[in-house]
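Here are a few notes to read beside the structure. Keep the 3D view open and find each residue as it comes up.

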Amino acid sequence: MTESDQQDQAPREVLADVMEDGNEAAFRERGREFLLAFYAALRNLRLYPVENVQVQRALDEVENSAAVLLEIEPELEVRVAGEFIFVNSTRLRLALDNYSTFSYILTTLHECGIGALHASVEVERREWQVFLALLLSSASAEVEGDRFAELEKKLAGGGVTHIEVEAPWESTTYEDAEARKRAAKRTYEQSVAVTQEVINSVRMGRTASVKKVKRAVQNIVDQVLQNETSIVGLTTIRDYDQYTFNHSVNVCIFSVSMGKRLALSKLQLYDLGLAALLHDVGKSRVPLDVLNKEAALTDDEWRIIQAHPWLGVLTLFGLRGYGEIPYRGIIVAYEHHMKTDLTGYPRTIRQRNLSVFSKVVAVADGFDAATSRRVYQTVPVQADQVLREMWENRRRGYDSVLVKSLINLLGIYPVGTCVVLDTYELAIVHGANPDTTQLNRPVVRVICTADGSRLDPGPLVDLAEVDANGAFKKSIIKVTDPGKYGINPSDYFV
Amino acid sequence: MTDTGTPEQLVDSSAVENLVRVLVKGLRAIQLYLPNNPIYQKAVENVRGGFGPVWEEYTELDIYVTESALVWEGVEVYSQESKSESVAWVLFKDGVRTLSFEQGVEDEEIVALLEVIKQAQSLPKDAPDDLLTLLWEQDFQRVRYSAVELGAEGIAPLQPSDSGWVRGTAPEAETIKKQIAEDTQDAESPSGIVKIDEFDGTLYFLDEAELKYLQEEIEREYSQDLRTNVLSMLFDLTELQTYTAVRAELISITENFIPYLLGVGDFRSVAFLLRELRSILERARELLPEHRKAIEQLPARLSQSDVLGQLLQSLDEAVLNPTEDELSELFGELQPEALQSVLEWLPRLSNESVREPLERAALRLASTHPDQVTETLETAEDPVLLTTMRLIARLKLTPFVPVLGTLLARDDVEIRKEAANGLAAIGSPGAMRELEKAIDDGDRDVRVVAVRALSERGHRAAFAKVEAVVNGKMLKGAELTEKTAFFEAYGLLAGSAGVATLKPMLETKGLLRRREDPETRACAAMALGKIGDEEAAAALRAAAAEEKDPLVKNAINRALREIT
């Protein structure tokens, strides 16, 4: 087959797809290929100068994959709505093998205030190159004012006439980062209140409202899908007095975020979130004097604490009828302190396969518990060290693939970590880098200059940014204890 | 309408008003009729059609919800003051404040939306769902809504801490600078720093094998039997937890689980539950007598007539459609007390797929617990009695011979017949002794069963009675089958001595003797065949040479064939 034959083959295959399954199947498959090429080009442009062979090859891919789509319809539309990407109105499925790519594109387009991009058949390779480069610089820069309008202007100035961008359909409140933060806060506050209500109701022998729990979990799922950075940022809240309630909500948020990376559907995320939120509900039956004891626990007291997983089972059975609390919640409450080899507690007799949900919650629970200040752990362990321990020490009994998934979610420097940069500035990690190849280069908020001057609130900086020579502009040289400086990291998220 | 220049009147709301009207009507139709009803279908068609004129003007429709009205572009397009009838109130009371439709909603999602509203309307106040939770689960793509969280008023807002840098005060710049310098003095080889190089490079992405592993884990999560999983944990806990109160709670949970499992038709889980309770009784440490008793009572409860009756009724009415394997597994766990209910139900079951496993269960229970069968025989009503006797016959249960013997005295022919069948099937000497009574039973079928069984078993004690019948007048008016049965029985029981009686009966004529009718002669031939000795054979051959009557000739030939 000659090269031109091969080139002809692609559109023919596309047409065959169209005839066989309708446009939707073709757009799903070819759209996915286009987005993978789009992502690869963005990544290469970020790392190398435009002349680089890899960048050029990636641009070829973008051009070719767009051309294939433009064979089917005269216009290519990529639209982002919430957590979804649509190519010519076809929603692309988030799967395990593409979630990080899609998440990166979603985040980049969100950052630039883009709701959709339209390319027409006349689009040229040069226009893709300019568009991608502008997109990158727009997403990474701290821009005052309307980022979208700025980008539109630059596109026109760069002679990009066959690619147009469109603002999101969402209401203006959703475009507003502050509104997003407020929504995340509201969800967090309500979830803590609901958890508190459930646990206190059980403690006092009253009936808890399942409806409210459902709503709280649904809201958390929505936030994780649409507003992940804000809601994950709030997991830095480690209220000493309300540890159990905050912890439950944090574990829920971490679990749902991990579930998102496992490509769970929205309803599956709900199942996981509900189980996670209620994983410690058994503590409602542990006497408060044992739960809050500051001194070392006696053997008997320790046994009572270790009973909370199966006390959770009893509690969830009693929460109202069997149809209302999903079995998965009961299973997770029971299994979340079991190790992958089924040691840990409670002890089991009958053959059992740990639920993947239990393993997810165990990882989220282990991380949040170790990084929190509690009655009997007044100095929390630094988050990066916790992750390292969870990853390296297999005797901890966590599922290593899921620990890896948590590291993918949080980055090597989790949200809220206090770091010193090589510029001797002090910063708080704001979020993992959306580019999963840059796990060690999070987005940080600089809160203090090298000369010790406090910044309020301080700029957000993407540590993956490079200068003209390809060198990173800023890097972390040290993780430090925020307590030494009197910093409370969660303040930067609420 | 006159133009007063107000914004409301610049908008023509008629298409939207019409749409809302058909939506409300559609909702009512969905509430009242099933989807296959023409009225339901017509209403859905109208709803779909109602969007057409709206989409001619607009690409999206945003409706605001108030307590009693739906408002579009400042115009009330629906209003209903009576809350019980108001669609607006249904939306409003659960917190919905806006409802937006996009083009294409009419294809599928609008019907799902109406179904959700219908469902929400019927929810009790303490239900685990409300309109918002139900809407969320639908994950609509072309319906959007905004809502307020009701009951969130008293929740304390998150605030930055008073002591941190944001709201509190930061140390002096010099102090911070000094602290940073201290912090970073060992930064060349810091102990607490996580360097990317120290991490496995594969941390960046999940590799193929890891992706596959996760995919399989998720598939397993959603294909597992959740109830069995939860039951296993309950049993582990019951076995391991020695706290009295905890065990009592666990037993109570298990007890309450049974009707629930039965209600949803999860028979396999019920069978599993009953099996595992046995192992708990065997293995659990320090089981208090009251707990032991409670656990022992759980399987018994399922075998009680009221509970089992409910189950069998559901099965028979095909409310539940389990597989035969599932039923076998469940019925395999029934206890002796269940037998009477099972026997009661067997005659009236109309669902054939249930009958077979239930019969197997009955056989198992009857064979292992004959005392239960006796009880049933003594107390049961006729249909149950018949089923029980058939069961006894199938199982050849010797202990029931005396009872069956007494049942031969019943007035009901069917009962006497089944009793005779039962005794015949058992075939023990005792059964045969009881069966002798049936030789002169008032019913022909009973007599035939008895005489055949007695002769086949060679029950010589019955000979005198049989001989009396053969030589007497009782068979004069009897039909051929009965005659044959008695004559053959006579032949079998009399042996060679019977030839002397039978040979003259077979002969065409005799000195000073009246010739027997062809049926009696044919029966005599058959009886000689049963004797089968040389003398009997000679008599048959002699008769064969002269016989003209086809019935008798045929009988002779058959008897001769039997001998050879």
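1. Start with Thr244(A), in helix H11 of chain A, which covers residues 243-261. The model is predicted, so treat each point as a description of that model.

2. Which residues does Thr244(A) touch, leaving aside neighbours within four places in sequence? The contacts are Ile199(A), Asp280(A) and Lys283(A). Look at Ile199(A) again. Ile199(A) and Thr244(A) are 45 residues apart in sequence, and their C-alpha atoms are 9.1 Å apart in space.

3. Now the sheet in chain A. It is open and has five strands, in the order E3-E2-E1-E4-E5, with antiparallel pairing. Strands E3 (90-91) and E5 (163-166) are the edges, and each pairs on one side only.

4. Strand E1 (residues 75-81) and strand E2 (residues 84-87) of chain A run antiparallel, joined by four bridges. Val78(A) has Val87(A), in E2(A), as its bridge partner.

5. Turn to the nonpolar cores. The largest has 212 residues. Val466(B), Ala525(B) and Leu528(B) have the most contacts inside it. Leaving aside neighbours within four places in sequence, Leu528(B) contacts several residues, including Gly491(B), Val499(B), Leu502(B) and Ala559(B).

6. Another core, of 42 residues, lies apart from the largest one. Leu42(A), Val55(A), Phe131(A) and Leu134(A) are among its residues.

Note on methods
Residues numbered from 1 in each chain as written. Chains lettered and ligands numbered in written order. Predicted model: local features only at pLDDT ≥ 70, side-chain atom pairs only at ≥ 80, totals over all residues. Core = buried A, V, L, I, M, F, W, Y, C linked by C-beta atoms within 7 Å. Buried ≥ 20, exposed ≤ 12 C-beta atoms within 10 Å, placed from the backbone. Contact = placed C-beta atoms within 7 Å. Pairing = 2+ DSSP bridges. Helix = DSSP H or I, 4+ residues; strand = E, 2+ residues; numbered from the N terminus.
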